[in-house]
There are 2 protein chains.
Amino acid sequence: MKRPLASEIPTLIPFEPNSGIPFYKQIYNGYRTAILSGQLRPGQRLPSTRTLAVELGISRLPVVNAFEQLLHEGYVEGKSGAGTYVKDTIPDEFARPVLERRLEFKKPLEPADTLEEIVGPFRVSLPALDQFPNKIWSRLVSRHAKNLSVELMTYGDPSGYLPLREAIAQYLNTSRAVRCEANQILIVSGSQMALHICARALLKPGDAVCIEDPAYPGARDALRSTSATLLPIPLDEQGIDINRIALQKKGARAVYVTPSHQYPLGLTMTASRRLELLDWARRNKSWIIEDDYDSEYRYTSRPVGSLQGMDTASRVIYIGTFSRVVFPSLRLGYLVVPIELFNEFRSLRETLDIFSPTLYQLVLTDFLQEGHFSRHLRRMRVTYLDRRNAFLKALSDHLGKYLTPYNTDAGLHLSAFLPVGIDDREIVRKAAEHGVSATALSTCYARKHSRSGLILGFGGANERRIRAAAQHSVK
Amino acid sequence: MKRPLASEIPTLIPFEPNSGIPFYKQIYNGYRTAILSGQLRPGQRLPSTRTLAVELGISRLPVVNAFEQLLHEGYVEGKSGAGTYVKDTIPDEFARPVLERRLEFKKPLEPADTLEEIVGPFRVSLPALDQFPNKIWSRLVSRHAKNLSVELMTYGDPSGYLPLREAIAQYLNTSRAVRCEANQILIVSGSQMALHICARALLKPGDAVCIEDPAYPGARDALRSTSATLLPIPLDEQGIDINRIALQKKGARAVYVTPSHQYPLGLTMTASRRLELLDWARRNKSWIIEDDYDSEYRYTSRPVGSLQGMDTASRVIYIGTFSRVVFPSLRLGYLVVPIELFNEFRSLRETLDIFSPTLYQLVLTDFLQEGHFSRHLRRMRVTYLDRRNAFLKALSDHLGKYLTPYNTDAGLHLSAFLPVGIDDREIVRKAAEHGVSATALSTCYARKHSRSGLILGFGGANERRIRAAAQHSVK
């Protein structure tokens with residue numbers, strides 16, 4: 001299906017060597033935008049990495065990295081030597097059941113009466129607190145605590161501390177491909193409060209809102225808080241099923257999705273599905289609530305860009321949190337809001353609890369601005385990759401006959417299916433009696449036909465503890 | 001109407017010299033409880049202060065203090081030498097227009113075209129941040145920041161940090177006559193979030209809730225958040241008008257009041273009105289939301305006990321905040337909830353934003369436990385009394401012809417009426433153009449027939465600034 005053009009297309013991407021944005025990122029962003037905007041059409045050939053490197057006057061490595069990322073995310077296709085082409089269709093991105101091919105489940109599934117103790121002490125969403133740069137953080141806290149200025153003590157801006165909003169905007173632009181300015185950033189206490197504000201801003205009583213099914217139960221609670229009607233929409237391997245959204249008799253005013261790392265199933269929404277969703281929202285003047293939780297840690301590719309960054313019609317409200325990338329008790333997160341909605345969101349945030357404590361906003365600003373945050377993220381990617389690999393091995397070695405992990409490509413937890421007929425809530429209850437923490441997959445479903453399984457965090461325990469816990473669990 | 005009994009009644013109050021509770025407080029509490037419970041009947045004579053002091057084996061001073069407080073709050077009456085008697089009716093407590101008798105308004109009211117600049121830079125609710133014990137607080141913050149334990153970083157209990165809840169329960173029992181245990185205390189980010197949780201816990205869409213009129217607009221916003229119907233109820237000089245509550249066609253599921261220091265008018269609800277309100281709630285199985293904001297600072301008497309402490313039917317939800325007694329950016333407040341409602345409140349708090357940041361909870365616990373808090377409160381009473389007196393004098397000297405202060409007995413702000421026909425919002429708008437902060441009284445009214453006036457804070461500026469601002473305002 002390739003239709004190579006007579007010559008390679010010229011370099012048409014914006015590229016500024018002195019902008020401070022990594023070269024590979026600029027190249028990746030440039031071609032991605034060109035493809036998504038239709039500037040580059042299916043079948044068009046990209047320049048060779050060598051040619052492009054020469055044209056841009058840089059080394060070949062960042063070009064190769066950018067092309068690999070485009071290849072990996074399904075925007076282009078190609079084989080070494082034969083050139084790189086824009087794909088005919090924006091294809092599925094991470095729809096392959098990664099893990100089944102990687103792990104071998106040697107033993108057949110067995111009856112579950114011995115399953116009580118199979119769960120490790122793996123609380124979902126707990127980051128590696130033992131790896132946090134405590135000394136740096138303490139120093140920043142003490143710095144501000146010693147200088148207890150009136151600014152630090154008095155009422156703060158409900159939008160949040162401006163330098164923090166600026167630092168977040170910069171981070172989101174570079175690292176998450178979110179298109180925003182600081183004046184679109186609203187500081188909140190975390191994604192839970194962000195969802196409450198979304199519900200109050202976007203949904204009147206009786207309005208319908210679509211939500212992925214399964215989903216985080218806390219999201220359902222928050223979206224229901226204005227007496228909106230929740231429409232649970234099933235997922236296929238590409239993400240939320242747009243046809244099912246379109247089939248709802250009651251037009252949905254908004255849809256809640258976790259495109260980077262679906263909670264709890266771990267899917268990444270494919271690029272084509274993202275475009276379909278954005279198109280649906282644009283045509284129906286509906287809102288997309290993008291909860292980009294856990295997007296920072298991917299193990300088989302670089303982080304996937306945000307849905308918000310692909311949105312050209314300002315239909316996306318983007319939610320992020322520092323709970324997992326800094327630590328949970330920080331209680332700081334943010335919304336990125338289309339500018340025309342900002343004042344309403346801000347006023348609702350003020351009505352809810354006025355503003356977030358100032359001290360940690362100042363400390364987090366320093367943490368971001370002084371580069372500690374990005375260093376921490378880089379270190380944590382390695383740590384979590386090790387923990388995830390140890391966890392998968394331990395699951396395979398000791399629990400492979402009971403648990404089938406699913407989509408383990410990203411984040412700090414995974415879902416693993418239990419054999420059909422096993423009541424996951426009962427397992428979790430019994431595990432809790434042994435001091436072991438897990439979440440029943442079925443609690444995440446709104447519909448009746450749920451899958452039985454466990455959601456297990458692997459971020460909070462080191463490799464030795466992971467192995468010990470998994471061994472203990474099969475005793 | 002006095003019916004002196006043959007002999008003085010015996011000492012029947014609980015008194016424990018080694019309990020750590022101040023003597024005067026034990027005596028006051030004991031007699032107040034005895035009167036409210038009917039154990040002491042109208043007309044009964046109390047022992048003389050001398051007799052009681054001898055019986056208790058203490059000096060006479062705390063007894064005199066306790067009796068003065070009882071006298072002041074209208075539980076007893078008496079003249080020196082003639083004995084002290086339980087009153088026939090629990091009378092009005094602070095219904096006198098205190099200030100009119102204290103200040104002289106020499107000049108007649110004049111047309112208002114020169115009123116633009118009469119407002120001082122007096123932001124409502126701002127505490128004396130310049131008087132805060134910064135060094136002590138910084139030391140406590142650094143202490144915990146240096147020991148960045150996993151406990152401090154991980155997910156916290158949505159109810160709040162237990163030692164903090166214990167410290168608050170102790171403070172409320174001793175200082176605010178609130179009857180509670182730590183397991184009834186729910187930590188939130190402040191009274192605004194507390195009101196949201198109350199709305200969600202107590203009010204279904206369409207339920208009616210009575211609210212004082214005028215009231216803090218943020219309270220109206222929060223109580224409306226579940227689409228409840230707000231019924232604005234006028235005040236008389238005793239507090240909210242119970243007859244008007246009873247007259248509402250739609251039975252009210254809850255009523256929101258600020259009995260210690262009505263916002264914005266500064267009234268203190270009288271003891272008899274409190275009993276009426278509690279009786280109404282008990283008979284109708286309705287809830288009372290007591291917002292005890294600003295209760296800590298009284299200038300002509302000791303703090304009045306809470307409504308919650310007089311409630312024998314568990315109908316009161318009590319709200320407190322540290323925004324004004326510590327500092328606003330702390331973002332910590334609390335609810336005291338009848339134990340049978342606690343789990344629901346806790347779960348709603350979790351749905352709203354999971355939990356409050358841990359660091360400041362630990363710091364505040366130390367601040368309370370190590371006695372810094374009560375020392376700070378004692379010092380601040382003197383500071384605010386001085387500022388209030390300077391403010392009243394400045395108002396009288398420079399702005400007496402424009403502004404008539406009303407109920408200046410407590411808190412960090414006062415309301416002052418403008419001459420009839422003056423648009424207070426216009427004054428506030430123009431004042432804001434001059435960088436001067438004030439709040440228009442009319443914005444606090446839900447009904448149309450509002451009073452025109454200004455709400456002015458005097459907590460945040462020292463006496464020199466107060467005088468300078470008031471002088472400047474009449475230029």
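# Exercises on a predicted two-chain model

Strand 15 of chain B, residues 453-457, is mostly covered, with 5 of its 5 residues buried (buried means under 20% relative accessible area, exposed over 50%, partly exposed in between, with a 1.4 Å probe and protein chains only). Helices (H or I, at least four residues) and strands (E, at least two) are DSSP runs, numbered from the N terminus. This is a predicted model, in which local features need pLDDT of at least 70 and side-chain atom pairs count only at pLDDT 80 or more, while totals for chains, interfaces and linings use all residues. Residues are numbered from 1 along each chain as its sequence is written, chains are lettered from A and ligands numbered from 1 in the order in which they are written, and side-chain values use heavy atoms, with hydrogens and water left out.

## Exercise 1

Determine which residues cover each face of strand 15 of chain B, and which strands pair with strand 15.

Step 1. On one side lie Gly453(B), Ile455(B) and Gly457(B), on the other Leu454(B) and Leu456(B), and all are buried.

Step 2. Strand 13 of chain B (residues 413-417) pairs with strand 15 of chain B in the antiparallel sense over 5 bridges; two strands pair if DSSP finds at least two bridges between them. Ser415(B) is opposite Ile455(B).

Step 3. Strand 14 of chain B (residues 439-440) also pairs with strand 15 of chain B in the antiparallel sense, over 2 bridges. Here the bridge partner of Thr439(B) is Ile455(B).

## Exercise 2

Describe the largest nonpolar core and the surroundings of Trp137(A).

Step 1. A nonpolar core is a set of buried Ala, Val, Leu, Ile, Met, Phe, Trp, Tyr and Cys residues joined through side-chain atoms within 4.5 Å. The largest one has 128 residues, and those with the most contacts inside it are Trp137(A), Phe322(A), Trp137(B) and Phe322(B).

Step 2. A second, separate core has 64 residues, including Ala201(A), Ala215(A), Ile317(A) and Cys198(B).

Step 3. Leaving out residues up to four places away in sequence, Trp137(A) touches residues of chain A, among them Phe132(A), Val326(A), Tyr360(A) and Phe367(A), and also Leu148(B). Contact means heavy atoms within 4.5 Å.

Step 4. In soluble globular proteins, nonpolar side chains tend to be buried together.

## Exercise 3

Classify the packing of helix 5 against helix 13 in chain A.

Step 1. The axes of helix 5 (residues 134-146) and helix 13 (residues 358-369) of chain A come within 9 Å and cross at roughly 130 degrees. Axes are lines fitted to C-alpha atoms, for helices over the stretch in contact, and angles run from 0 to 180 degrees between N-to-C directions.

## Exercise 4

Give the strand order of the open sheet of 8 strands in chain B, and identify its edges.

Step 1. The order is 4-11-10-9-8-5-6-7, with mixed pairing.

Step 2. Strand 4 (185-188) and strand 7 (239-240) of chain B stand at the edges; each has a single partner strand, so one side of each is left without a neighbour in the sheet.

Step 3. Strand 5 (residues 208-213) and strand 8 (residues 252-257) of chain B run parallel and are joined by 4 bridges. Ala208(B) has Ala252(B) as its bridge partner in strand 8 of chain B.

Step 4. Helix 7 of chain B (residues 162-175) lies across strands 4, 10 and 11 of chain B, running at about 115 degrees to strand 4 of chain B.

## Exercise 5

Step 1. Most residues other than glycine have a negative phi, and most peptide bonds are trans.

Step 2. Ser227(A) is partly exposed, with a relative accessible area of 37%.
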